[in-house]
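Reader: Hi! Could you walk me through this one, starting with the inside?
Author: Happy to, here it is.

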Amino acid sequence: MNRWALLATLLGLGACSPREKASPPEPEIPSVAPARPADAWSDRFCAMPVADGRPTKADIDAVHRMVANVRMIPGSDEPWIRPYNRGGEWTIDARGAYAPYPGPAPRDLFDLEMVHEPWPDRVVGMRGDVVLARKAGATAFAPIGKLGDQVLPGGPVIRRIEDADLTLVLRQGRVHQVRGDAVTPWSEQASLTAAGVARVIDIHDLPGLGAALFEGDDGALAVRYTDGAWRRAGRLPPLRWRQDDRIVDVRPVPKAGVALLSTYQDHLVLALSPDPASSRRAGIVDVTAIHDRKLDPGGWWTAASPTTGDIIRFGRVRPDAPLGWQRLVEQRFVPMSAPAWPAFDELARAYDLTGGEGLVIRGDEGLALYRRGVLTPIPEGTTAALGRHPEVVRLASLDRTYVVARRGLFELTAAGRLRKVEARFVTGGSPSPEFFELPRQRLALVRAKDGLFTLDADGEVLRVRGGEGFAPDFLTNVFGPFPISGDVLMADHNALKLVVTPKSPRWKACKAALSAT
């Protein structure tokens, strides 16, 4: 048998082998053109291409490689950019050009772990065993302390505990405090050890709960309250399938008095009480294993509302138990009234509803509303009505919630109903319009197929000058706003572009670019 016959035989066997049945592709849905396109112009923004912002051979002609890692430094209006291929460190300078980062910016400082101290206004960072600080208005970081060899896995650890006004760094499992230009051993190390944590691997701030969580290398947990009290908080469950397990996500829910913790293998509920006399001031009250989705598709999925304090979850207690919804009541999960509405897709999400009286949940079959212990599918929010994977966009500063769908743009009202929006820009189809919130200005930028727009709290839509060629993409790359000016950097049509404000040093350059065209 020659090699071509062998290949044909193998392909034939592959075609006959059993495989998962693929879902039929969704029919192509055309975009929806606006009946009344936006014709007024915004005076709050100007858009322009970034000078030297097109990829070169050094970037393998791909713009996303130019912005592989972008960081905003508090107090600086020049983003810190590391590209994939071309080397060095770059920025968007005051002229609006993609240029080498100015001044001292050695390569090994890019991975600096940073926190911001509001008083004095400065950024404190840690690289290896060196602690550095950059004061407001300065152009570079200056060393302020050296701790010795850094041997912890995962690189340097520096954390800011806002409620307690503490900046802490770790070295070999012990905690040091940054105060002014001094770095000294923390005076509360003995209290931490007495609370059950001998060697610290991470510190997690719990804003709104008046506490911070200290995680030991043996899974032990301790909580420090802002009144200086310490409490043992239990221990992470024993390891099962990894060589190590640790906390990878922390979601404080102050109104519920708990923090939701996720490790590589478990979801945990940490209950905290502000009452020093409480017998359960800090403790793990629930542990739920993260199941293998292929072996057990009922693995838990947890949603929380920071506004209302509601915490609900979907799944089953054990592989042979029925699927169902539960909610947290007095630090205990109880069954709740809900249909068999699935939400174990990886794309499942939850968002606060406008008005703060409930949650809207995107699940496998569309959208559902959770309110006062009851989960109800939204009649107009099915996949059949909206198309696959509708995107819920919560614009908190505008107090509006939108649903961006293949079949158009909708607003989700405080009553939990969908209202079709008479959009002033192109909607529907694929890719969908992109929304980028600017909370300080109570505005959102909208990148649609017919250009760039602003959307305000009253629903008014204005065009952005210079943004006519902007369009959404399947790979969203939006960075900002810049800390001082509020400018926004976008990767658009394989080129970098800027959206600048009147307070930006780039405003004159943008106006000049518009005049030239």
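Reader: Which residues line the largest cavity?
Author: Its lining is made up of Arg251, Leu260, Leu261, Ser262, His267, Leu268, Val269, Asp286, Thr288, Thr302, Arg313 and Phe333. A cavity here is a set of points on a 1 Å grid over the protein atoms alone where a 1.4 Å probe fits but cannot get out, and lining residues have an atom within 4 Å of a point. This is a predicted model, where local features need pLDDT of at least 70 and side-chain atom pairs count only at pLDDT 80 or more, while totals for chains, interfaces and linings use all residues. Residues are numbered from 1 along each chain as its sequence is written, and side-chain values use heavy atoms, with hydrogens and water left out.

Reader: Which elements give two or more residues to that lining?
Author: Strand S20 (258-263), strand S21 (266-272) and strand S22 (282-289) do. Strands are DSSP runs of E, at least two residues long, numbered from the N terminus.

Reader: And how much space lies in the largest cavity?
Author: About 80 Å³, where a volume is the space filled by probe spheres set on the points, joined across faces, edges and corners. The count of cavities of 30 Å³ or more is four.

Reader: New topic: is S28 enclosed or open?
Author: Five of the five residues of strand S28 (residues 359-363) are buried, so S28 is largely enclosed by the rest of the structure. Buried means under 20% relative accessible area (1.4 Å probe, protein chains only). Leu359, Ile361 and Gly363 lie on one side, Val360 and Arg362 on the other, and both faces are covered.

Reader: What does S28 join up with?
Author: Strand S29 (residues 366-371), running antiparallel through five bridges; two strands pair if DSSP finds at least two bridges between them. Leucine 359, for instance, has tyrosine 370 as its bridge partner.

Reader: Nice! What order do the strands take in the open sheet of four?
Author: The order is S7-S8-S9-S10, with antiparallel pairing. Strand S7 (113-117) and strand S10 (142-146) are at the edges with a single partner strand each, so one side of each has no neighbour in the sheet.

Reader: Where does aspartate 129 lie?
Author: In the loop between strand S8 (122-127) and strand S9 (130-135). Aspartate 129 counts as buried because its relative accessibility is 13%.

Reader: Which side chain does aspartate 129 make a polar contact with?
Author: That of lysine 146, at 2.7 Å. A polar contact is a pair of N or O atoms within 3.5 Å; within protein, one must be able to donate a hydrogen and the other to accept it, and residues adjacent in sequence count only if both atoms are side-chain atoms.

Key: Buried means under 20% relative accessible area, exposed over 50%, partly exposed in between (1.4 Å probe, protein chains only). On a 1 Å grid over the protein atoms alone, a cavity is a set of points where a 1.4 Å probe fits but cannot get out, and a pocket is an open set with protein on both sides within 12 Å along at least five of seven lines; lining residues have an atom within 4 Å of a point.
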